[in-house]
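Trainee: I would like to work through this model with you, one question at a time, from the overall fold to the contact between the chains.

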Amino acid sequence: MQPETARFKELSRAALANDQLQRSMVATGPQFVLKRAKARAALPEFDDLRNAARDIKNHVLAHLDVYLEKFEARVQAAGGHVHWAETAEEARAIILNICAAKKARLITKGKSMVSEEVGLNEALEGAGHTPVETDLGEYLIQIRNERPSHIIAPAVHLRREQIEADFRRVHTDLDPARDLSHIPALVEEARRVLRQNYLDADVGITGANFLVAGTGSAIIVTNEGNGDLTRLMPETHIVITSIEKIVPTLEDASTLLRVLARSATGQDISTYTTLMTGPRRAADPDGPEEFHIVLLDNGRSQVLGTEFQDMLRCIRCGACLNHCPVYQAVGGHAYGWVYPGPIGSVVTPALIGIENAANLPNASTFCGRCEDVCPVRIPLPRLLRHWREREFEQHLTPRTVRSGLGAWAFLAKRPKLYGLAMRLAARFLNWRGRAGRIASLPLARGWTRTRDLPAAQGKTFTELWRERQK
Amino acid sequence: MSARETILARIRSRLPGTEAARRDAVELHLAAHGANLVPLRGLGDGDHRLSLFTRLMTGVGGSVETVETLADVVQAVAAHMAAAGLPPSLRKGADTTLAHLPWHRAPGLTLLSGPADPADHTTLSLAFAGVAESGTVLLLSGPDNPATLNFLPELHMVVLPASRLVSCYEDVWPLLRASQGDGLMPSTLNMISGPSRTADIEQTIVRPAHGPRDLHVIIVVGA
């Protein structure tokens, strides 16, 4: 999928002017925050569990080679196949090969961000297969030919009226006079339409939330049950996932499950948590006859051992999106690629290169809420700052910003001159203000075009401090 | 070099310590099956576990009833199906506990066996265990309790012996290792905490999405 990250500012402006999107964000954003807060309040150990979750992921990352080998051996012992993909292209090729060997026509899919990352649906369609997304949110964006706008709620940007119009446009074999004026009717229609797809599918593809090294199990969590029907009904099940999803034991998975759903949707646990280990056994009457796991790297191993390593702890709960003032203002599509929000702004440069994602680390006010709510305590503002450093080092920052920073650095290294400049500036900003506000200011039109700048009071902090010391 | 070799070599080149030390640490960690911090909420006697499980399961739209003996399950099943207005046809797997129930006490009930059929309205499974801390039942796939029974019907009923209702997930895993062998798993293990739902449209919770409309757990006090 072609990243549009370079268009962040343009897409953000369009998002801010999009009434429908703004209504969706205002209606749903606070709900996520409230649900997580309630779940946290109901479990006194929640913040300590986050420490435990962080420690588990750190332990895994420090022993990742061995855990990956252990996981692989367990999957193979259970009768499954493990495929390694260094790049998105390799992952697509592996899956296309399997689907071609199975002569697959219809392919059902459970929700998978890694599948979005490698652009799997386009590849499947290009090879003549018909992929059908079965998670309701993913199905909605598939029929609209859109990208997910949120990691766990891909259609959070849509309103009911839009979905009704889409269903009438796509489900043309149904009665045009049917009532779709309320949300349960839309869900019921999706259930009926998708049910037949589960039964007809030749291959099912899901992602994985965790991979348990000690047992060779891939874990998926869903509320709908779509992931399970995607695994159980077709003859072949493929899991596409990435190398950092490993956890050592079922005990460790338990700890992560306790923080995942609470952080994501405020549930104690998702409705369906499924541990999938190999294909059906000889005596089993159901389940897939063939089971494949595709382990994608796509730049992740290069993050190990760098100042960015902490991002690999991410369990994709979406809490940082829900608590981010920037994400809540512009929505997920403005970020221009697969992973939006604070974690997206950290992960995207690692996966597609900072030269292709230079806008994203700047899409933050550094308010720190993302780090406050992260279930594995990823220091997101720090990682964003590291990317800004890289951006500066590689001369990706705009010339005006660089010369501004240069001027400031010149002054900052000369304390007396700096003091003088600040005193002059404070007086100028005081003189310029009317009723404590400045409506327009040279060199700061980017700010004053849409809002006032508070006027300075006339003296600098250092001056006031000196006066108080007397 | 294959992708596997390339990826593993790159990871190794970036990790601290020696590979031998990492192998030792991993073996130790996997063998210990160590529990991390376990929340207190599920810990307590049978009454506590039962009341917490019931509160959480009903809180997410599931239903729970208790019966005294395994034999009482038959009446409970038939009554619940009738109350739900579903046809008197019930699908279950080959599980011997369920097979040995006095089904003759529900003469109007047609028993079907094997994996679920898309036309099935009602299915019955025996849970491997239940977990109080999140109101969760665990089911193991296989001929005894085929996994499709958990997802295709309108109504999924689950029999849970009270002796298998434990406090927390960490209490289940030793039982699982005892039943399957260390490191071994059934093809599919389902942890189910309520009926199917979605909140994908405007964050409004709607039941069901793709799975069962109703999940009914019958806890057998004397089993």
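Trainee: What percentage of the 470 residues of chain A count as buried?

Mentor: The model is a predicted one, in which local features need pLDDT of at least 70 and side-chain atom pairs count only at pLDDT 80 or more, while totals for chains, interfaces and linings use all residues. Residues are numbered from 1 along each chain as its sequence is written, and chains are lettered from A in the order in which they are written. A residue is buried if 20 or more other C-beta atoms, placed from the backbone, lie within 10 Å of its own. By that criterion the buried part of the 470 residues of chain A is 51%.

Trainee: Which strand of chain A is joined to S7(A) by 7 bridges?

Mentor: Strand S7 (residues 236-242) of chain A has 7 of its 7 residues buried, with A:Thr236, A:Ile238, A:Ile240 and A:Ser242 pointing one way and A:His237, A:Val239 and A:Thr241 the other way. Two strands pair if DSSP finds at least two bridges between them, and strand S4 (residues 203-206) of chain A runs parallel to S7(A) over 4 bridges, with A:Ile238 as the bridge partner of A:Ile205. A:Ser242 stands opposite A:Leu296, and the strand that runs parallel to S7(A) over 7 bridges is S10 (residues 290-296) of chain A.

Trainee: In the open sheet of 8 strands, which are the edge strands?

Mentor: The order is S8(A)-S5(A)-S6(A)-S9(A)-S9(B)-S6(B)-S5(B)-S8(B), with mixed pairing. S9(A) and S9(B) pair in the antiparallel sense over 5 bridges, and A:Tyr272 has B:Ile192 as its bridge partner. The strands that pair on one side only are S8 (246-247) of chain A and S8 (165-166) of chain B.

Trainee: How are H4(A) and H1(B) oriented to each other, roughly parallel or roughly antiparallel?

Mentor: Helix H4 (residues 64-77) of chain A and helix H1 (residues 3-14) of chain B pack with their axes, lines fitted to C-alpha atoms over the stretch in contact, 8 Å apart and at an angle of about 150°. The contact (C-beta atoms, placed from the backbone, within 7 Å) is made by A:Leu64, A:Asp65 and A:Leu68 of H4(A) and B:Leu8, B:Ile11 and B:Arg12 of H1(B). Angles run from 0 to 180 degrees between N-to-C directions, and those over 145 count as roughly antiparallel. H4(A) and H1(B) are therefore roughly antiparallel.

Trainee: Which element gives the largest share of the side of chain B that touches chain A?

Mentor: The contact takes 63 residues from chain B and 80 residues from chain A. Elements giving two or more residues to the side of chain B include helix H2 (19-32), helix H6 (169-180) and strand S9 (188-192) of chain B. The largest share, 9 residues, comes from H1(B).

Technical notes
Buried ≥ 20, exposed ≤ 12 C-beta atoms within 10 Å, placed from the backbone. Parallel < 35°, antiparallel > 145°, perpendicular 65-115°, else oblique. Contact = placed C-beta atoms within 7 Å.
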